[in-house]
Structure formats: structure tokens, C-alpha cells
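Hi everyone, thanks for making time. I'd like to walk you through a few local details of one model, so please have the viewer open.

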Amino acid sequence: AVSQPIHSRPQSSRPVLLNKIEGHSDAVNAAVLIPKEDGVITVSEDRTIRVWLKRDSGQYWPSIYHTVSCKYHKRLEEFLLSEDFNKMNHVKTYPAHQNRVSDMVFSLESEWVVSTGHDKSVSWMCTQSGSMLGRHYFGSWASCLQYDNDTQHAFVGDYSGQITLLKLERQTYSTITTLKGHEGSIGALWWDPVQRLLFSGASDHSVIMWDIGGRKGRTLLLQGHHERVQAVRYLQLTRQLVSCSADGGVTVWNMDTPREEAPQWLDSDSCQKCEQPFFWNVKQMWDSKTIGLRQHHCRKCGKAVCGKCSSKSTTYPVMGFEFQVRVCDTCYDTVKDEDRTALATFHEGKHNIAFMDMDPSRGLMVTCGSDRVVKIWDMTQVVGCSIATGFSPR
């Protein structure tokens, strides 16, 4: 099992594929870049944990190949890697969950490991003693997790489409709030502690930015994927958001620009433009002797309108709509050509992306998924390459 170095000419403003790692016999659940090293650690459904190091030939070879005892792990295992990455020793086992573990975060500051699982729970454990400190249950599978070290706040996404914010303490916890905005299961979360922004990707093909630190609790809806979003990463230095979806789409969003919140959809029994009744408004249909119309919503103003009054579609990137959406005829006339200028770039990873990791200091990204392939990308042409951004040419 070795990698294939890719010799492709750099393309302007596009990810450059540097290497492909093949050799797993099942889906790769996670692949992370080793800081300050040309190496990748992978975890796969084939029950292996592998450490891949780049050799002089340009290929990545597995220096460690460890097989775990159970395919669907209900426990967390802690290992210690040697400095030369050629040996891995088991340290301790955490009895975290009664069903499959879905995500975990290790906090060096708190000396905690926080994890979520398909037993519908989040648990937090002490890394010094290995003992359980607390557990909280949800109504659905807990799918992904982020943790803020300073405040000990945990953000937990679940399969119902909700995100729960918890304040964790030793032996106790409190529920702060529940964030509702997605229409599908949460696939990925990313927390930026500097601006106090939470980003979530879901199976409804959308990304939402939650302004946790803002007094008004502003939310921004971003729609630029054709499939479920399974990985997100915010780059604080360049004010860019990278999101990846199951069809291999990689979208890079410019978040360093004024944006508008998408409006709430309004309720009405009749078109808020021509006042014709919708099909469930039996009384008005009877009184006016007309057939009820189907209801639509203008994505720009949120009004409930009929098909005749919303016959046009447009992109509106400032509100997060990078693809064409239905708008009412009145709003369509207010959208100028410059309003349609894209605020995101779109790229093809050309494989299922279930997990993504980035090293902004080197401009590197690694992606993996159900096709058993791990890809390493040079992202410097996409997310910046200058002293100002903290990147340096590779």
C-alpha cells in the first residue's frame, strides 16, 4: 500500500493534487495532516490506524499499521507516537459509548476528551485518570462535535438537524441553547474561537454561519453544494470558509465581505403579490370562484407568492445563493448584474469527501471518503499565498 505522487502543472486559483494514497480495503473515516511533518494519519473502516510518511521518492509509505479489535468502535483508544513516527504504543482505553463513536475532541488545556456517538450521547472524560466525568443524551444520533477550550462550551450536531450548545463542568453540565436552521442531519461543524463563529454543514446541501458572539445572533445561509456537506473549515487569517460535499465538491467562500441574512419565509393563505388564494384556502376559492394556486417563497424577500408572480430565478451571492433560486418578479427587478457576482469559487475533488483536514500554515488540504482514496492538495493558489496571510510558497 503506497501513494502515487502526482506530477501536474499548477493551475491558477485551483487546488493542485499533490498525492494520492491508496491501500485501504474499506472507507477512510478520517485523515489528518501531521503538523510540521510530511505525513498523514488515517483511520479506516478496515479497522486500521495508519501513519503515512513521505519518502524521498515523493511517495507516502505506511510507517505504522495498527489494527483495532472492533470495526464499530464504542471505546476511545489513546496512543503515543514515537518522535520518528515509527512506533505507536497504547496508553489507555476510555469506555465512552454504548454504540459507535461518531466524533471526538481532545482538549490539552482541560485535560479532557469529549466525544459523541450513535448512542445519542455526548460524553466527557478525564485524560489523566481515564474516568467518565459526565454524559448528556439527545433525541437523535449525535453526529459531530466542536469544543471551546476557554468557555468549556461544546457544540453537538445531530441527525435531526439540530445543534445543541452545552456548558460542560466536572460532574455536571447545563444546556445553553439549541440552534435550529437546517432541514437535514448535521454532517460537520467548525468553531472559530477568535470571532466566535460556528459553521455547520448538513445533508440539506447547505452551510450555515452562526454568529454566536454577536448580540443579535445573526445567521447566514450559504448554498453552493449539490450534495450533503460533510466537512467545513474556516480560515481565520484569510476570512475564507472551505466546505466539502459527498459528490467531491470543494467550495471556498469569501467571508470577508458584507453579507445579508436570508429572510424568514412568511405564512399566508393567499399570494402576497396578486392576492389569489392558495389551494388550501377553500373559503376564498369558493367566494371568488377560482382554483387555488400552489405556494412558493421568494428567497430574497421571503414573501409567499404564486408561480405567476415568481416566474424568474437568479443567483444572489450576497445572501449566500450561489446557485439560481426562485424570486418574486418585484425582487428580480431589483437585482443588478453586479449583485450576481460570485462570492465563492467551486472546485472538484473528484472523489467522495467524507472528511477533510487543512494545515493553513502550509496551504495543504487532505480529503478522504468512501472510495478508500486519500488525496493531498496544495491549496495555496486558492486560499492565499503571502506574508500577509501567513502562507509561504512551497
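Let's begin with strand 13, which is mostly covered: seven of its seven residues are buried. Buried here means under 20% relative accessible area, with exposed over 50% and partly exposed in between, using a 1.4 Å probe and protein chains only. Helices (H or I, at least four residues) and strands (E, at least two) are DSSP runs, numbered from the N terminus.

Before going on, a word on where the values come from. This is a predicted model, in which local features need pLDDT of at least 70 and side-chain atom pairs count only at pLDDT 80 or more, while totals for chains, interfaces and linings use all residues. Residues are numbered from 1 along each chain as its sequence is written, and side-chain values use heavy atoms, with hydrogens and water left out.

Back to strand 13. Its partner is strand 14 (residues 153–158), paired in the antiparallel sense over six bridges; two strands pair if DSSP finds at least two bridges between them. Asp 148 faces His 153 of strand 14 across that pairing. The two strands make a hairpin with four residues between them, and Gln 152 in the turn shows a positive phi of about 60°.

Now pick out Ser 143, which sits in strand 13. Ser 143 counts as buried because its relative accessible area is 12%. What does its side chain reach? A polar atom of the Ser 143 side chain is 2.7 Å from the backbone oxygen of Ile 186. That is a polar contact: a pair of N or O atoms within 3.5 Å, where within protein one must be able to donate a hydrogen and the other to accept it, and residues adjacent in sequence count only if both atoms are side-chain atoms. Setting aside neighbours within four places in sequence, Ser 143 touches residues including Ser 102, Thr 116, Asp 158 and Ile 186, where contact means heavy atoms within 4.5 Å.

On to the rings. Six aromatic pairs turn up in total, where rings of Phe, Tyr and Trp (its six-membered ring) pair if their centres lie within 6.5 Å, and planes under 30 degrees apart are stacked, over 60 edge-to-face and the rest tilted. One of them is Trp 112 with Tyr 147, a tilted pair at 6.4 Å centre to centre and 45° between the planes. This pair links distant parts of the chain, since Trp 112 is in strand 10 (residues 112–117) and Tyr 147 in strand 13 (residues 142–148), 35 residues apart. Trp 112 is buried at 2% relative accessible area, and Tyr 147 is buried at 8%.

Last stop: Asn 352, in the loop between strand 28 (344–348) and strand 29 (355–359). Is Asn 352 buried or exposed? Asn 352 is buried, at 15% relative accessible area. Its side chain has a polar atom 3.1 Å from the backbone oxygen of Ala 246, and the Asn 352 side chain also reaches the backbone nitrogen of Ser 370 at 2.9 Å.
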